Amino acid sequence: MQPFHHLLANNLVANVTNFTVWFALTFWTFLETQSVFATGMIAGIYLVLTAMLGIWFGSLVDHHGKRVMMIVSSLASCTFYALALGGYALDPSIRAAEVSSPTFWLFILVSMFGMIVGNIRMIALPTLVTLLVPEDRRDKANGLVGVVSGIGFLTTSAISGFLVAWGGMVATLTIAIALSILVALHLSFVRIDEARETRDDAEPNRIDLAGTFRVVLAIPGLFALILFSCFNNLLGGVFMALMDAYGLSLMKVEEWGMLWAVTSSAFILSGALIARTGLGANPIRTLLFVCLAEWIVAAIFTIQSSIPLLAIGCFLWLFLGPYAEAAEQTAMQKVVPYERQGRVFGFAQSVELAASPLTAFLIAPLTQFVFVPFMTDGAGADAIGDWFGRGPERGIALVFTITGLLGVILTIIAFRSRSYRLISTAYAKGPDSAPAA
C-alpha cells in the first residue's frame, strides 16, 4: 500500500471523527434550544476561528514535517475533546444547553477547537499530493481525496444523527477521543520521504504573511481566484448557518442524519468521476461552471416545502462541491512554488473563509427576527404565501432562494472578468511546482 493511500485512509478516519463532532454539536444544540440563532452562532464561531488560524496552520505545514504536523493535529483534537467532555460532565448548565450560560459557549468553543485543529491536515494533504503524485495525474488524485471526503460525509451524517439520539454529546466526544488516538498511532508508522522538498535557507521560519502575499500577487489572476472563492463562501455561509435548522424543521434528527448519509454518496460519485476523467484542460473554467450550477440549485431546492426536493438539492450541491475544490487545488498545486504551498493554501483558506463568518453571524439573527416573521404572518406571507408557503421554515427557505440568485450573478461576472483569463493562461503555461526527485 503506497504512502498516499495510507494518507487517504488515515484522513478518512480523521475527517469522520471531526465532522461527527461538528454535526452532532449542531444537531444537539438545535434540538435542545430550538434556536436558529444558536446554530448560526456555532457556524459563525467555527468560520471565524478557521479564518484566523489558516495562515498560521499553513506556516506550520511548511516549516515542519507534514506527517508530523498531521499527528500533532490529531493529538491536539484528542486533547480538546477530552476537555469538552470533562466540562460537560461537571457543569449542569452545559448539559441543559442554557444559551445564556457562559460555560455552555465555552463548551462549544473548546469542542470546535478540536475540529479546527484538524484543518492542519486539510492544508497538509494537498501539499503531499504535489509531492507524491506526478502533475499529469494530480487532478485525478484530488478526485480520490474527494472520494474520501464523500465517504466521510456519508458515514458522519448517519452516525451523528443516531449518536445524538442515542448517547448525546457524551457518546460523541468519547468516540472522537478514541478515534483521534487511533489515527495518530497509525500515522506514526507511515513513512513519507520529504527530503525531496527544496527550501531556500533564507526562507524565514515564521508566518511571513508579507512574503506569502507577494507570492500570491506574483501569479497572474491567483488573488482574483481566491477572492472569487471568498465571495462564493460569503454566500456559502448561509448554508452553514441555516441548513440544519431547515432540515430539522421538516424531519426528525435521525431522518435528517440518514438523508445526509444518502445524499453524501454524491461526494463519492463525484470524486470517483474526477479520479477517472480528470477536470479537463482548464480547471479554472471547470470551477466557474460548477459554481454556476451550484447556485442555480441553491435558488430552486427550497422553492417548496418538500423533502424529495430538499434531498435532490442536497445531492446535487454535494455532487458539485468536489469538482470546485479539486479544480482550485489542482490549479494552485501547479502554479504555486512547493516550498510555499502550505502558507498559500492556508492564506487561501483564511481569505476564502473570512467572509463566511460575517454571513453566518448576520444571517442567523436576520432569518430569526426578519425573514421568519416576514413569511409567517408578515408582508411576505401575504404576497407570496399562497404558492411559496407560510411559516418559520418558509422564512428560512426564502433566504436560500435569494442567496442562490446572488450567487448566479456573481459567477456570471467572474466568467467575464480579465482575471479569469489571466489565471487560465498562467495554468496553461506555468511550469510544474513539484520539487525535483
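A helix here is a DSSP run of H or I with at least four residues, and helices are numbered from the N terminus. The model is predicted.

**Exercise 1.** Locate Ala-97 and state whether it is buried or exposed.

Solution. 
Step 1: Ala-97 lies in the loop that separates α4 from α5 (102–116).
Step 2: Buried means under 20% relative accessible area. Ala-97 is therefore buried, because its relative accessible area is 6%.
Step 3: Most residues other than glycine have a negative phi. Ala-97 is not a glycine, yet its phi is positive, about 55°.

**Exercise 2.** Determine which side chains make polar contacts with the side chain of Asp-91, and what the distance to the nearest side chain of opposite charge is.

Solution. 
Step 1: Asp-91 sits in the loop between α3 (66–90) and α4 (92–95).
Step 2: Its side chain makes a polar contact of 2.6 Å with that of Ser-93. Another polar contact, of 2.7 Å, links the side chains of Asp-91 and Thr-103.
Step 3: A salt bridge needs a distance within 4 Å.

**Exercise 3.** Describe the second largest cavity by volume and lining.

Solution. 
Step 1: The whole structure holds two cavities of 30 Å³ or more.
Step 2: At least two lining residues come from each of α1 (3–33), α3 and α8 (168–187).
Step 3: Sorted by type, the lining has two nonpolar, seven polar and one charged residue.

How values were computed. Residues are numbered from 1 along each chain as its sequence is written. This is a predicted model: local features need pLDDT of at least 70, side-chain atom pairs count only at pLDDT 80 or more; totals for chains, interfaces and linings use all residues. Side-chain values use heavy atoms; hydrogens and water are left out. Buried means under 20% relative accessible area, exposed over 50%, partly exposed in between (1.4 Å probe, protein chains only). Lys and Arg count as positive and Asp and Glu as negative; His and the chain ends are not counted. A polar contact is a pair of N or O atoms within 3.5 Å; within protein, one must be able to donate a hydrogen and the other to accept it, and residues adjacent in sequence count only if both atoms are side-chain atoms. On a 1 Å grid over the protein atoms alone, a cavity is a set of points where a 1.4 Å probe fits but cannot get out, and a pocket is an open set with protein on both sides within 12 Å along at least five of seven lines; lining residues have an atom within 4 Å of a point. Grid points are joined across faces, edges and corners, and a volume is the space filled by probe spheres set on the points. Ala, Val, Leu, Ile, Met, Phe, Trp, Tyr, Cys and Pro count as nonpolar, Asp, Glu, Lys and Arg as charged, and the others, Gly among them, as polar.
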